[in-house]
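I opened this entry to keep a record of what I looked up, residue by residue. The sequence and structure come next, and my notes follow.

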Amino acid sequence: MDRRIYGLETEFGLTYVPSDGRRLTPEDAARHLFKPVVNWGRSSNVFLENGSRLYLDVGSHPEYATAECDQLTQLIAHDRAGEAFMLDLVEQAEDQLLEEGHEGRIYMFKNNVDSAGNSYGCHENYLIPRKIEFKRLADMLIPFLVTRQLLCGAGHLINVDDQTKFVFSQRADHMWEGVSSATTRSRPIINTRDEPHADAEYHRRLHVIVGDSTMSETTQLLKIVATDLVLRLIESGEIYHDLRLENPIRSIRQISHDFNGQTVVRLMGGDEPTALQIQWILFESVKEFVARHGAHHDHVERVLELWERTLRAIETENYSLIDQDIDWAIKHKLLHGYAQKNSLPLSSPRLAQLNLTYHDIDPARGLFHVLKRRGLASSVVSDADIRQAVNNPPATTRAAIRSKFIRAARANGRRYSADWVHMKYEDEPGGIVLCKDPFATSDPEVDKLIDLMSQRP
């Protein structure tokens, strides 16, 4: 597909630190966080005027799902808008708690593992053609997803055999299957729940749940564009190397723990390339595909250059090539620099704290944001792009219709509900419209609902 719908769903970690000794459970903190949302939306699961979805997920994790996006900078700006919404809720909740006599701060993290070892996700959604054979797509895509952590892992400190190691991914140790319909109990790399949020006759949603949450916008760009390019290659039907893995789950963990990319991965055909060699094969295949068919958007050249530079950095162990662009490399430089300066082992609690604080979304506290302000982390979108995404939907997708409907309902004080494909005016019978085209930007039937809502009884 040359034009595709993309979406990101980010679960945030949440904790409350009291300064008066009065603790709150995560459930209590989340309840205070979502109190303003429930007050105006009558639910902790709402769609916002920018077309996105905001809700409390399993385990009291605040979650933000971007509106449907068909452009890459649009997607990244809307993902960053989710952080802005969360920060606003944090500020309101802290004020409310103070009024109730609680003195403390709420901390929110864009990461994937809490202190108890529980994992939560950053899920990616890609619209794909229904006609493509899904098993073939999954077989061909999983080798890329298992080794993709070399490109876009968030970096993490874990204990392996009583030794603290810096590894590529936060998420790799929490995956249990290659492909399945489960999401939490038996977490797969690809979730097969068939909810296309589009005309199911023509489209399907590819739901990838293996990725790390990224603080770096350039890492985010590489993650999404590289995956889209591999999907284009698969969708084209062109044959490239058979890279099907004998045991994807064993491999994904071994690759994460081996920081030089030299982990040998056994393929179903018997070959044993390294993780780095698999990535080089995929990179060269995509590069040749783009040379034959052309780039389908303006970011392809930038991403191919960053993809190649990242593999070269791992191959040469010269991480300075990417230590302003790729999350794991940015964090690796931060943690190892601090450890060397202060003569600390990686097992130091101070290093564990820095590992966590890197993901704090508060721009005043979060270490990634501090590095970015100092010019030590690159970016893709501007603050103006993020403000635009907070206040407005993507103008080129169905999100524009949903936004128009929600704004009108709220402006007229009408009862309504909305999801990805439905818009319902609840004050009148029969006031529901189904919008199955995610590329549509207008709908006459929704306009009729809006006219109806504006008529005073």
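**A buried residue and a listed site**

I began with Gln220, which lies in helix 6 (residues 217-236); helices (H or I, at least four residues) and strands (E, at least two) are DSSP runs numbered from the N terminus. I was working with a predicted model, in which local features need pLDDT of at least 70, side-chain atom pairs count only at pLDDT 80 or more, and totals for chains, interfaces and linings use all residues. Residues are numbered from 1 along each chain as its sequence is written, and side-chain values use heavy atoms, with hydrogens and water left out.

Is Gln220 buried or exposed? I found it buried, at 3% relative accessibility, where buried means under 20% relative accessible area, exposed over 50% and partly exposed in between (1.4 Å probe, protein chains only). The side chains of Gln220 and Thr214 are joined by a polar contact of 3.0 Å, that is, a pair of N or O atoms within 3.5 Å, where within protein one must be able to donate a hydrogen and the other to accept it, and residues adjacent in sequence count only if both atoms are side-chain atoms.

Next I checked UniProt, whose unreviewed entry lists Arg53, Thr66 and Trp420 under "binding site"; such annotations may be inferred rather than shown by experiment. These residues span 368 residues in sequence, yet no two of their C-alpha atoms are more than 11.0 Å apart, so they gather at one spot.

I then noted that Trp420 sits in the loop between strand 13 (416-418) and strand 14 (422-425), and that Trp420 is buried, with a relative accessible area of 14%. Leaving aside neighbours within four places in sequence, Trp420 is in contact (heavy atoms within 4.5 Å) with residues including Arg53 and Thr66.
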